Amino acid sequence: MQRENYYILLDLTIDPPENDPNAIEAAILQKKAEWSRLRNHPTKGLQAQKFINMIPDMEKVMRDEALRKQEADAAAAALQKGKESKISEIDSHIDILMGKGYIAHEDIARLAEIHGLEASDIQERITAKKSDQYIRVDQQINLRMGKGYLTEAEVSKIARQNSMEPEEIRKRIRCPIIKDEKEAGDLKLRPLDKSIEKAINDNLKVIGKLSLYDFLRAAENSDLEILQEKAAQKKKELAASGKKDAMVTAGNILAGHCLTIFKTNDTRIAYDASLAMAKLAALDSDINVAAANSTIRHEYVDILIRKAMKFGMDRQEAADYLRDYCQKKKYRIESKPEKKRMRLVFAASATLAIGLLVIAAVIFSSIHKKHSLAAEYDRVIQSVEAQTEAEKKIQILEKYVKSHMAEGMAADAAKRISEIKSATDAERFNRFLKETDALVQAGDYQKALDLYKQKLQSATDADSKKTINGMIQKVLGLSEQKDFEQVTAVSLTGSPDQKMDTFQRYLADHPEGKNIDKVKALVNEISGEYFIYVNKQLAVYDQSEKWEDGLNLCRKYIDTYDNSNSDRLKQLVPVYEEKIRSEKIFAGLVQKANALGTDYAGALEIFKDYLEAYPDTSVKNKIQKEIERLDGLLAAQSTEKAEQDIRAQLAKTGGRFIERAGGVVVDTKTGLMWGIMDSTVTQTATKCLTYDEGKKYIKNLKTGGFTDWRLPTPAELTGIYASAFPSTGAKTYWTSENYTGYADGWHVMVDTVSTEDSIHWEIIRKDSLECGAVRAVRKP
């Protein structure tokens, strides 16, 4: 049993097909959840469980690019088949409503409502149906133009057969319309000259066209102006081509005839009459061929009738024409065997009156039924012949076969289906060969090979497989020759890596190529040249730490050659493998550290512990850089926390210290501006400064965008700490007052503001070389 299509089941877009893996995965998960909810449903539970069981195969198909493409193609085909089935149903309804000769607006609205479509969609199908109908009408008109005119009776008959108004038929007739055959003698019809007709037909055969209309690619009911325009354009195209072959010569002659014949309506009618006569002549020729020994076998009768119907006759007209022509030629039409048996039955039962009546009634019913079936089948064949698409023809015939399995004409319909399918398959195969040949001509051998191999898998008949295999061998030969030409060119001018890549690609693509020994010799020839390239490239990879690339390059040489150079490279393989391993370990350390987020101390511990355990690791420099980076982040984190603590304490000073932008506070009592952070917070390298280092620190300070910061006086500094200015834990702050003294040498002594408990501050004189901190001050 054929499973459901996954694109349709998952409600994915088909035109164009959804190929985003994330979207497909999301659709599967959504449907899985939906089906899981329905598993216990009284009516939908079994189907939901069935779909859940299909999920593993569904995931396999939709994750594989090739299988997914097949699934998308199948979904598109299924939708198209459904659409065509719906169109067939709509067409059937239109045929019924057109039986009265027209379709009213309310009919269109009703059909649109029934089929859930827009009225414009129904109107489009009606237009298409009328187009097919006009093709049939034109065939009937053209056949009757052989005598140069149509009678009113013929116009009425064509209108009646096609459920159209006579006036609509008249609009499509290009020749005179007379009341009856008696008026035909008054017409002065000038037939097309036989020599001209022969010249036209001879040249049409050269270019493979059926008529001048076919040559111009124009409909037979086209206006003269359009035909003249197309003829002039064709003449111009042929002149511009510059070719002088038989096709161009024949085309020029035909274009000239078109300009002459389609200049007036009279000459055109004469040509149309010759076309109609030619069709009848072809039919006469077929009848003559079928009349072996002046007898037409009953098997040939239906074939000849169908041939006549293609020219525009209905079934009865075709049968009458065949009968009249055979009477004129004195041919005998053989009766069907069952009719012979029927006559024997009549003769044998002639003596029994009651039996005769019963048999007569049965025979009458049978004949009536056969006539009804034949008439119905004729209408089916007319509908089939009016279609231009093979699929629509097959649909009509299959519908007939399905509903008439026991009828005699079902076998003929089935035969027709087989013939149409065979012709369609042949046409598709020829189109496929043209498409692939175009790829071959363009030099795209790989794409052509892929298409041939794909087609070979689906081919069923031996001839097609033989043709495809022959084309594959041909393309393989062309591809091998092209690749060897590239090998030859690269061997002369290419770089060592280009040579190696080109040679190895040839060997991989053509393991049985006719030039394989030559290419192997070229590979051996460049072993020294390629080793020099490898060494230089390894140096580049080492510089940029591309250890994977280095390892792969070594292995490539080792796999290609077995010499002393490859032995040297083998020694580098474990080195590269160890570097790659260390890089992976480093990546793991980074991943672990990153997982800790802002726990920079914990992250530092990860790297320091590994470096302590493996001090000689090849990623030592990278680890040290990570440690430096984390030290900086940890310091910044500490600074941020200190800033938050100080701001919290400033908020408790009753408004005396007000923060300004840029890390500056203003003492509202003195008007002085102080830096919120002292050097113990902002100086990450060292928190202890000598007096000279403190002055240098002040000189370079740019807090708040100011550059005129200075050391405070002892009074200024004790003034803020006496007023509960927040402390950062520093015990000694340098001030601006310093003295030079001598005691065992000259020394600079500085008044500092110091504390032991961060609460009680006092001025203490200390040596400038001792350790202290700096809190900057400035006047606004």
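In the predicted model, Cys 688 has a relative accessibility of 31% and therefore counts as partly exposed. This residue is joined by a disulfide to Cys 771, with an S to S distance of 1.4 Å. Because Cys 688 lies in the loop between α30 (679-682) and α31 (691-700), while Cys 771 lies in the loop between β11 (761-767) and β12 (777-778), the pair ties together parts that are 83 residues apart in sequence. Cys 771 is likewise assigned to the partly exposed class, its relative accessible area being 41%. The disulfide count comes to one.

Other cysteines were examined in turn. For Cys 175, the closest cysteine sulfur is that of Cys 258, at 20 Å; this separation is too far for a bond, given that a disulfide requires sulfur atoms within 2.5 Å. Cys 175 has a relative accessible area of 7% and is therefore buried. Cys 554 is also classed as buried, because its relative accessibility is 0%, where the limit for this class is under 20%.

At the level of the whole chain, the secondary structure comprises 32 helices and 12 strands. The radius of gyration is 50 Å, well over the 28 Å that the globule rule gives for 780 residues, so the chain is more spread out than a compact globule. Along the principal axes, the C-alpha atoms fill a box of roughly 165 × 75 × 65 Å.

Of the 780 residues, 38% count as buried. Among contacts in the chain with a separation of 6 or more, 58% are accounted for by residues 24 or more positions apart. The accessible surface of the chain amounts to about 46300 Å², and carbon and sulfur atoms contribute 54% of this area.

Ser 131 is located in helix α7, which spans residues 119-144. With a relative accessibility of 38%, Ser 131 counts as partly exposed, a class that lies between the buried limit of under 20% and the exposed limit of over 50%. Ser 131 and Glu 435 are 304 residues apart along the chain, and their C-alpha atoms are separated by 31 Å.

Conventions. Residues are numbered from 1 along each chain as its sequence is written. This is a predicted model: local features need pLDDT of at least 70, side-chain atom pairs count only at pLDDT 80 or more; totals for chains, interfaces and linings use all residues. Side-chain values use heavy atoms; hydrogens and water are left out. Helices (H or I, at least four residues) and strands (E, at least two) are DSSP runs, numbered from the N terminus. The radius of gyration is taken over C-alpha atoms; the globule rule is 2.2 Å times the number of residues to the power 0.38. Buried means under 20% relative accessible area, exposed over 50%, partly exposed in between (1.4 Å probe, protein chains only). Contact means heavy atoms within 4.5 Å. Accessible areas come from the Shrake-Rupley method with a 1.4 Å probe; for residues, only the protein chains shown count as cover.
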